[in-house]
Amino acid sequence: MSWLAPAGIILGIALLVYLAIRGVNIVVIAPLAAIVIIFTNGMSLHEAFFVGKTSYLAGIGGFITGFLPIFILGAVLGKYLEDSKATITIANSIFKLTGKENAYAVLIAIALISAVLTYGGVSLFIVIFTIVALARPIFKELNLPWRLVMVPMIFGGTTFTMTMVPGTPSIQNVIPTTLGTTLAAAPLMSIVVTIISMILGLVYMKWQLKSVLATGEHYEESGQVINSDVNPNELPSLLASVLPMLVLIAIILIGSAMHISNIIVPALLAAVIVAALVLVNHIPNQIKTLNAGATNSLLPIIFTAAAVGVGSVVASAPGFKLLQGGMSSLPGGALTQIPLITGFLAMVTASASGALGIAIPIFGKSWLASGVSPEVVHRIAAMASSTFSAMPQSGFIFSCMAVFGLSHKEVYKHIFFLGLVGGSVCLIVAMFMAVVIY
């Protein structure tokens, strides 16, 4: 049984990856993977799936209970910015700075749009649709291959703004604050790795652009055609468009400096209220926007919670204890365990927030007890979660494929480099800083 237990965990992960690539929903495959892990690890199905403190259903319930308000408020804010066309105002303002004639400047603009929106609390799902609407006519005009649009979107939307920039309101930066840290934890480390991530992304974009131009590829229609024709006179002003995001970030940074716990909830609430007030003339129906935003929050949290449930079973399985023992024997002690355990759980769930939802509650206290700074645990765990969640079965990849009309072959290589390779470089730098400075 000793070899079967860890092998069963690997088998469960393989099942997740295979069925996800085959297009099966995570809500279906997550319980199947959990059951495979339960049986191969000799666990009680009743205890490990239904009623135990670390059961599959307990993992789902605990995550939803802890983070539902954040998902709802974030989705409502994003819906206000989408329905009012504030996202288009922001994007047009950035394009005015960069221009639309130079191909590399266009890629930088798209990356900036993605970064500004995600750092401002807008969900990635809304960012995806915004980028499609704005980038398609420009790519068509410049005759650029459509698959190249994924590079700036991934760079700006999923790398440094997810877990590196101080104060980012992403759920991946919120979960570790249960350790008693703030959203601006380890600011020096955050700033250094953010700069490195930006440099890597800019170099990679230049390389990919040069590569496609050298092959002579050109634009071909694919994916969802989203109407991008908007009357400029109907758009909100730039100040009204960015004000809710500025309020959100300001409250987060001030609250973090004052060490106010769970500052993200009042910050998001204030941003939603500001959006409702300053964008009122550009929202056709306030109640409809509120309802749609709240509804939009449900699928992401259910999908993430389903992945957390699998991770909860993994973390309590005998096979994982064997794997953890091997990780514990590596040099570096708890500091080494943080990226390894969090990263392993991120690979299992293909979800950064899912991995953190398991790792922080279960292992966080022991990492702190070993003497590692809470800010270091926060930042490294967050970075590891996003780095190693860049897996083929990620729900984000499938969303991109559906909306952009691209394949795994066209999408995943960019996520692999910018997410996994680039993230690993930043993680190594962060680990070095943790040893030298913290």
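Helices here are DSSP runs of H or I with at least four residues, numbered from the N terminus. This is a predicted model, in which local features need pLDDT of at least 70 and side-chain atom pairs count only at pLDDT 80 or more, whereas totals for chains, interfaces and linings use all residues. Residues are numbered from 1 along each chain as its sequence is written, and side-chain values use heavy atoms, with hydrogens and water left out.

Helix α4 covers residues 56-83 and helix α13 covers residues 264-278, and their axes come within 9 Å and cross at roughly 25°. Each axis is a line fitted to C-alpha atoms over the stretch in contact, and the angle, which can run from 0 to 180 degrees, is taken between N-to-C directions. Because of this angle, α4 is roughly parallel to α13, a description kept for angles under 35 degrees. Where do the two helices touch, if contact means heavy atoms within 4.5 Å? On the side of α4 the contact is made by Ile 70, Leu 73, Gly 74, Val 76, Leu 77 and Tyr 80, and on the side of α13 the residues include Ile 264, Leu 268 and Ala 275. The residues of this contact divide into 13 nonpolar, 1 polar and no charged, where Ala, Val, Leu, Ile, Met, Phe, Trp, Tyr, Cys and Pro count as nonpolar, Asp, Glu, Lys and Arg as charged, and the others, Gly among them, as polar.

Side chains of opposite charge can pair when their charged atoms come close. If a salt bridge is a side-chain nitrogen of Lys or Arg within 4 Å of a carboxyl oxygen of Asp or Glu, the count comes to 3 salt bridges. In helix α4, Lys 79 forms a salt bridge with Glu 82, with the closest N and O atoms 3.2 Å apart, and these two residues are separated by about one helical turn because they are 3 residues apart in the helix. Lys 79 also forms a salt bridge with Asp 83, at 3.3 Å, and this pair lies 4 residues apart in α4. Lys 79 counts as buried at 14% relative accessibility, whereas Glu 82 is partly exposed at 25%; buried means under 20% relative accessible area, exposed over 50%, and partly exposed in between, with a 1.4 Å probe and protein chains only.

Another salt bridge joins the side chains of Arg 147 and Glu 217, at 2.5 Å from N to O. Arg 147 lies in the loop between α7 and α8 and Glu 217 in the loop between α11 and α12, so the pair ties together parts that are 70 residues apart in sequence. Arg 147 is buried at 15%, while Glu 217 is partly exposed at 30%.

Backbone angles come last. Most residues other than glycine have a negative phi. Lys 85, however, has a positive phi of about 65° and is found in the loop between α4 and α5, and Asn 143, in the loop between α7 and α8, has a positive phi near 60°.

How values were computed. Angles under 35 degrees count as roughly parallel, over 145 as roughly antiparallel, 65 to 115 as roughly perpendicular and the rest as oblique. Contact means heavy atoms within 4.5 Å.
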